[in-house]
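Dear colleague,

Please find below the structure that I am handing over to you. My notes on it follow directly after.

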Amino acid sequence: MSKTAFITGITGQDGSYLAEHLLEQGYRVVGMVRRASTPSLERIEHLRDRLDLVEGDLLDTSSLVRLLGEHEPDEVYNLAAQSFVKTSFHEPLNTGQVTGLGAARLLEALRLVRPGARFYQASSSEMFGKVRETPQRETTPFHPRSPYGVAKVYAHWMTVNYREAYGIFACSGILFNHESPRRGLEFVTRKISNTVARIVCGLEDRLLLGNLEARRDWGFAGDYVRAMHAMLQAEEPDDYVVATGETHAVREFCELAFDRVGLDWQEFTGVDERYYRPAEVDLLLGDPTRARERLGWKPRLSFPELVGMMVDADLDALLRAGHHAVRGRIPAGVQG
Ligand code: NAP
Ligand code: G4F
């Protein structure tokens with residue numbers, strides 16, 4: 001009999017890639033979607049007829065209890081969150097409610113109605129914040145630098161606590177930044193790839209960014225969802241860092257993105273203080289040794305391939321929508 005997976009946050013970047021991966025593995029996939037006046041289903045449109053989409057909200061414990069009881073999942077992936085760090089400074093309480101307490105509500109629902117199900121918590125390298133050691137590994141102490149990071153630390157420790165207190169098979173995946181053409185437009189990588197494409201098509205003249213020297217360990221989301229699934233197939237539950245083991249500055253991402261279309265990044269890029277944060281995470285670099293050794297996981301896409309994939313996808317979409325290149329060059333393989 002096929003296994004059932006329950007995914008919160010299925011309409012997000014990772015939810016869409018994870019759903020694809022689990023469908024390929026033969027799972028029945030139940031995705032929780034929150035009510036909205038206009039549903040945000042673009043990322044899973046191509047999977048719609050293969051998914052069970054059900055209405056629920058991480059803010060509402062009764063919906064979680066009801067859904068886990070009705071659908072009896074074997075694996076529960078908690079990907080839902082207010083996931084944008086900058087917004088967490090403007091909405092610290094909402095972020096705490098969804099990103100922190102939301103995980104606790106889901107764990108509690110699981111304990112009450114489906115304690116045998118395996119649980120995955122989407123933890124984050126933001127928990128390392130003002131890093132205490134480099135590279136960061138599972139044992140590195142946390143020092144979060146945003147309300148989002150603080151909420152994720154709470155959710156992480158609740159996951160560990162439900163494992164230790166109730167014997168729940170609960171894993172925390174400490175994932176470093178991962179990106180794709182499906183990344184939200186507010187995150188720096190997609191903001192860059194999308195603006196580069198718009199500059200090529202003459203729809204924009206400038207790319208305004210904040211801290212160009214911030215360094216991140218950036219991987220491809222399609223690679224990272226394989227690690228989430230692998231954690232729940234292991235013999236014992238544990239916590240895992242998932243990262244590439246390489247770090248790059250925002251400036252380098254920019255340089256490569258403009259290079260891809262034959263433009264000089266310095267000609268088009270400026271700095272705007274609006275995009276700075278009250279407290280910054282300067283450097284993230286993960287050590288994925290545990291994931292590699294115990295799960296056999298490793299990333300497939302390199303940093304330059306990731307940048308190229310994102311720029312190409314954004315340019316392709318604009319050309320298909322009827323826009324034309326007015327400057328730079330179109331990379332080989334972009335059809336339009
Ligand atoms: P994302 O694209 O922002 O997706 C977030 C998802 O959460 C969306 O489906 C959103 O639904 C849903 N959501 C928000 N509030 C909700 C609520 N109250 N009830 C139910 N669903 C709610 O995020 P992502 O990049 O896919 O990341 C997935 C998870 O991994 C998040 O928890 C994120 O914090 C964590 N993470 C991400 C990264 C990364 O680099 N991407 C790294 C480490 C950890 P709507 O579509 O309705 O808004
Ligand atoms: O792309 P970002 O907004 O991602 P950030 O803050 O690292 O958070 C992402 O990764 C976390 C994992 O570490 C996830 F948990 C979280 O959910 C999210 O997916 O910013 C990356 C860096 C920051 O240092 C930021 O200050 O880019 C810098 N940056 C510079 N200019 C900018 C901009 N970030 C954004 N979003 N927009 C800018 O214009």
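Glu-72 is placed in the loop between α2 (61-71) and β4 (75-78); helices (H or I, at least four residues) and strands (E, at least two) are DSSP runs, numbered from the N terminus. Although Glu-72 is not a glycine, its phi is positive, at about 45°. Its relative accessibility is 47%, so Glu-72 counts as partly exposed; the classes are buried under 20% relative accessible area, exposed over 50% and partly exposed in between, with a 1.4 Å probe and protein chains only.

Please bear in mind that this is a predicted model, in which local features need pLDDT of at least 70 and side-chain atom pairs count only at pLDDT 80 or more, while totals for chains, interfaces and linings use all residues. Residues are numbered from 1 along each chain as its sequence is written, chains are lettered from A and ligands numbered from 1 in the order in which they are written, and side-chain values use heavy atoms, with hydrogens and water left out.

Thr-134 and Pro-135 are joined by a cis peptide bond, with omega at about 0°, and Pro-135 belongs to the loop between β5 and α5.

Helix α1

The 12 residues of helix α1 (residues 13-24) should span 16 Å at 1.5 Å a residue, and the end C-alpha atoms are 17 Å apart, which agrees; the expected span is 1.5 Å times one less than the number of residues. Of these 12 residues, 11 are buried, including Asp-14, Tyr-17 and Leu-22. Just after α1, Gly-26 takes a positive phi of about 90°.

His-21 lies in α1 and counts as buried because its relative accessibility is 13%. Beyond its neighbours within four places in sequence, His-21 is in contact (heavy atoms within 4.5 Å) with Val-225, Arg-226 and His-229.

Ligand 1

Ligand 1 is surrounded by 26 residues, of which Thr-11, Asp-14, Ser-40, Ser-83 and Tyr-148 are the closest; a residue is included if one of its heavy atoms lies within 4 Å. By class, this shell has 11 nonpolar, 10 polar and 5 charged residues. Here Ala, Val, Leu, Ile, Met, Phe, Trp, Tyr, Cys and Pro count as nonpolar, Asp, Glu, Lys and Arg as charged, and the others, Gly among them, as polar. At least two shell residues come from each of α1, β5 (118-124) and α5 (147-166), and β5 gives the most, with 3 residues.

Oxygen atoms of ligand 1 lie 2.7 Å from a polar side-chain atom of Ser-40 and 2.7 Å from one of Ser-83. The protein covers 89% of the 900 Å² of accessible area that ligand 1 has on its own, by the Shrake-Rupley method with a 1.4 Å probe.

Ligand 2

Around ligand 2 there are 23 residues, and Ser-124, Ser-125, Tyr-148, Arg-277 and Glu-280 come nearest. The shell has 10 nonpolar, 6 polar and 7 charged residues. An N or O atom in the side chain of Arg-277 is 2.5 Å from an oxygen atom of ligand 2.

With kind regards

Conventions:
A polar contact is a pair of N or O atoms within 3.5 Å; within protein, one must be able to donate a hydrogen and the other to accept it, and residues adjacent in sequence count only if both atoms are side-chain atoms.
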